[in-house]
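Please look through the sequence and the coordinates below before reading on.

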Amino acid sequence: MRVTGLNAGLSRKVSAMAVDSEALLRVSHLTKTYPMPGSGFKRQVFTAVDDLSFEIAPGEVYGLVGESGSGKSTTGRLICGLERADSGSIVYRGHDLATMSERERKPFRREIQLVFQDSSTAFDPRNRVGRILEEPLIIAGVRDADERHGRALSALASVGLLAEHYDRYPHDLSGGQRQRLNLARALICEPRLVVCDEPVSALDVSVQAQVLNLLRDLQRTTGVALLFITHDMRVVRHMSDRIGVLYHGRLVEEGAAEDVIAHPSDPYTQELIDAIP
């Protein structure tokens, strides 16, 4: 998908939903570049995230939408600490994660979790489901084996899996079941923010709605905030309180989900909406 006539002066839609003054997460002027292959002595870079700023309030679902290559997944990886930004800040509960060392960031890792896109590669295939769920608890310092076992079984039940799945391997599960396990692992340590990177794009259409409805129910029950990353306007409309639209790493429109869908102010947003079947 390509939109012509866009430039750095692209319009932004002001959100109709006020963000909590004490934002859970505040991303400011975030930039991330990668060296271009074969650039030689004249180092050329590709800008994946370009001066990006947005906020997420406690308990909010913020949808970040754009086509492939727009910088969505890179943004999620920067927030989760899997990559480091070139510049800008990622302020979580008043602490700038972007400037922290790995050691300084460790206490916050339990509070920010990631749901991977491809559940088939999200787990160590040598580990059974029980081990996959209990490992985050071990890292978080839960030493009592009975407590870990009980919390693992509770997590399975919360995503619609059975106690018998505890002793199975990931390859014994269907794609939808593996993604439910992905959700259970992300939520078992009771995080405050979960980054969902295209969590249903690898699933059959018949299973997508089940997983999305489950995720929304879990979000409402637990009150966890979500950064929901997707290329699909149908999905982001269903899931999000507010929407930010990314184009070439820049936020070109932002607002309450219903307003952005009903009254898009940017031509690229209109292109995404027109692509909805």
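This is a predicted model: local features need pLDDT of at least 70, side-chain atom pairs count only at pLDDT 80 or more; totals for chains, interfaces and linings use all residues.

Residues are numbered from 1 along each chain as its sequence is written, and side-chain values use heavy atoms, with hydrogens and water left out.

The protein chain has nine helices and 10 strands, these being DSSP runs numbered from the N terminus (H or I with at least four residues for helices, E with at least two for strands). The radius of gyration of the protein chain, taken over C-alpha atoms, is 19 Å, close to the 19 Å that the globule rule gives for 277 residues, so the chain is as compact as a globular protein of that length; the rule itself is 2.2 Å times the number of residues to the power 0.38. Of the 277 residues, 49% count as buried, where buried means under 20% relative accessible area with a 1.4 Å probe, protein chains only. Among contacts (heavy atoms within 4.5 Å) with a separation of 6 or more, 69% join residues 24 or more positions apart.

The largest nonpolar core has 37 residues, and those with the most contacts inside it are Leu133, Leu181, Leu183, Val194, Leu226 and Phe228. Such a core is a set of buried Ala, Val, Leu, Ile, Met, Phe, Trp, Tyr and Cys residues joined through side-chain atoms within 4.5 Å. At least two residues of this core come from each of α3, α4, α5, β7, α6, β8 and α7. Beyond its neighbours within four places in sequence, Leu183 is in contact with Val115, Val159, Val211, Leu214, Leu215 and Leu218. A second, separate core of 28 residues includes Ala48, Cys80, Tyr92 and Ile229.

The structure holds zero disulfides, a disulfide being a pair of cysteine sulfur atoms within 2.5 Å. For Cys80, the nearest cysteine sulfur is that of Cys196, 9.7 Å away. Cys80 is buried, with a relative accessible area of 9%, and Cys196 is buried with a value of 0%.

In helix α9 (residues 267-274), Tyr268, Thr269, Leu272 and Ile273 are buried. They cover an arc of only 145° around the axis, which puts them on the same side of α9; the arc is that of the directions from the helix axis to the C-beta atoms. What covers these buried residues includes β3, α7, β9, β10 and α8. At the start of α9, a side-chain oxygen of Asp266 reaches to within 2.9 Å of the backbone nitrogen of Tyr268.

Definitions and conventions:
Buried means under 20% relative accessible area, exposed over 50%, partly exposed in between (1.4 Å probe, protein chains only). A polar contact is a pair of N or O atoms within 3.5 Å; within protein, one must be able to donate a hydrogen and the other to accept it, and residues adjacent in sequence count only if both atoms are side-chain atoms.
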